[in-house]
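Welcome to this short briefing.

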Amino acid sequence: MKAVIFDMDGVLVDSEYTFLQSKTELLRDAGYPQDISYQYQFMGTTFEFMWQKMKEELGLPASVATYIEEMNRRREVMMARDGIKPIQHAQDLVKRLNAAGIPLAVASSSPKKEILRALTELGLVTDFQYLVSGEEVAHSKPAPDVFLAAAQQLGIAPADCLVFEDTRNGSLAAKAAGMYCIGFANPDYPAQDLSAADQVVTSFKELKVVDLVEL
């Protein structure tokens, strides 16, 4: 392993609940009630992908841009209330990898401005050499585009990259890119199918840099 690529939402930032709750409440208020579990399939995908899919499946009348704007308005209320919260022990792992001289990148489906905002607030933005957003590639996860773009910017072959992912779509994308994937099964979130990952962990606390390098 010569480089590490992190997903952001649910891996570095405790933000998945803002998506799950805001979309569920938005659909309910618009007259299209769905159980929160309906949203699990979209974890790890871009805003445009998820809302286009819901528009097609549910027959939503407004534009994708309208729903994204309202979703983000509701998420802003949650983040103003709760702040931007880190995933436990994720900051320490990033700092240890950076201190060891391991090239690092973020490959997230979120917009670039959200990546910059979250990582800046968590004090991690300078630990990463590159930040790649789903906005910058043609296809959303589970396609491998965002991970391949991150590897290209790092100048590291995909086969020499390790990815941390917490969703089914993300782990499928990492493997489609030809990378080693460690699935993060966050005990505080709905269980995701991480069977595509090479291994699964439930905490970052015990991970050692030397062991990751030797993968």
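## The nonpolar core and its surroundings

The largest nonpolar core has 33 residues, and the ones that touch the most other members are Phe6, Leu12, Phe128 and Phe164. Two or more residues of this core come from each of strand 1, helix 4 (90-99), strand 2 (104-108), helix 5 (112-121), strand 4, strand 5 and helix 8 (209-213). Helix 4 is the biggest contributor to this core, giving 4 residues. Please bear in mind throughout that this is a predicted model.

**Around the core**

- A second, separate core is made up of 21 residues, among them Val137, Val146, Ala149 and Ala197.
- Phe6 is worth a look in the viewer: its relative accessible area is 1%, so Phe6 is buried.
- Setting aside neighbours within four places in sequence, the contacts of Phe6 include Val11, Leu12, Leu93, Val94 and Leu97.
- Phe6 is also in contact with Leu104, Ala105, Val106 and Ala107, as well as with Phe128 and Phe164.

**Aromatic pairs**

- The count of aromatic pairs comes to 7.
- One of them joins Phe6 and Phe128 in an edge-to-face arrangement, with 5.9 Å centre to centre and 80° between the planes.
- This pair links distant parts of the chain, because Phe6 sits in strand 1 while Phe128 sits in the loop between helix 5 and strand 3 (130-133), 122 residues apart.- Phe128 is buried too, as its relative accessible area is 6%.
- Phe6 and Phe164 have ring centres 5.1 Å apart and planes at 20°, so this pair is stacked.
- Ring pairs connect Phe6, Phe128, Phe164, Phe184 and Phe204 into a cluster.

- How many residues of strand 4 (residues 161-165) are buried? The count is 5 of the 5, so this strand is largely enclosed by the rest of the structure.
- Both faces of strand 4 are covered: Cys161, Val163 and Glu165 are buried on one side, and Leu162 and Phe164 are buried on the other.
- Strand 4 pairs with strand 1 (residues 3-6) in the parallel sense, over 4 bridges.
- Within that part of the sheet, Phe164 of strand 4 is the bridge partner of Phe6.
- Strand 4 also runs parallel to strand 5 (residues 180-184), and 4 bridges join the two.
- Glu165 stands opposite Gly183 of strand 5.
- From strand 4 the chain passes through helix 7 (residues 168-176) to strand 5, in a β-α-β crossover that is right-handed.

**Strand 5 and onwards**

- Strand 5 is mostly covered, with 4 of its 5 residues buried.
- Cys181 in strand 5 is the bridge partner of Val163.
- Strand 5 pairs with strand 6 (residues 199-201) over 3 bridges, in the parallel sense.
- Gln199 in strand 6 is the bridge partner of Ile182.

**A look at Thr24**

- Thr24 belongs to helix 1 (residues 16-29).
- Is Thr24 buried or exposed? Its relative accessibility is 15%, so Thr24 counts as buried, the cut-off for this being under 20%.
- A polar atom of the Thr24 side chain lies 2.7 Å from the backbone oxygen of Leu20.
- Not counting residues up to four places away in sequence, Thr24 touches Gln34, Ile36 and Gln39.

Methods
Residues numbered from 1 in each chain as written. Predicted model: local features only at pLDDT ≥ 70, side-chain atom pairs only at ≥ 80, totals over all residues. Heavy atoms only, no water. Buried < 20%, exposed > 50% of the residue type's maximum accessible area, 1.4 Å probe, protein only. Pairing = 2+ DSSP bridges. Right-handed = clockwise from strand over helix to strand, strands pointing away. Polar contact = N/O pair within 3.5 Å; in protein donor to acceptor, adjacent residues only side chain to side chain. Contact = heavy atoms within 4.5 Å. Core = buried A, V, L, I, M, F, W, Y, C linked by side-chain atoms within 4.5 Å. Phe/Tyr/Trp six-rings, centres within 6.5 Å; stacked < 30°, edge-to-face > 60°.
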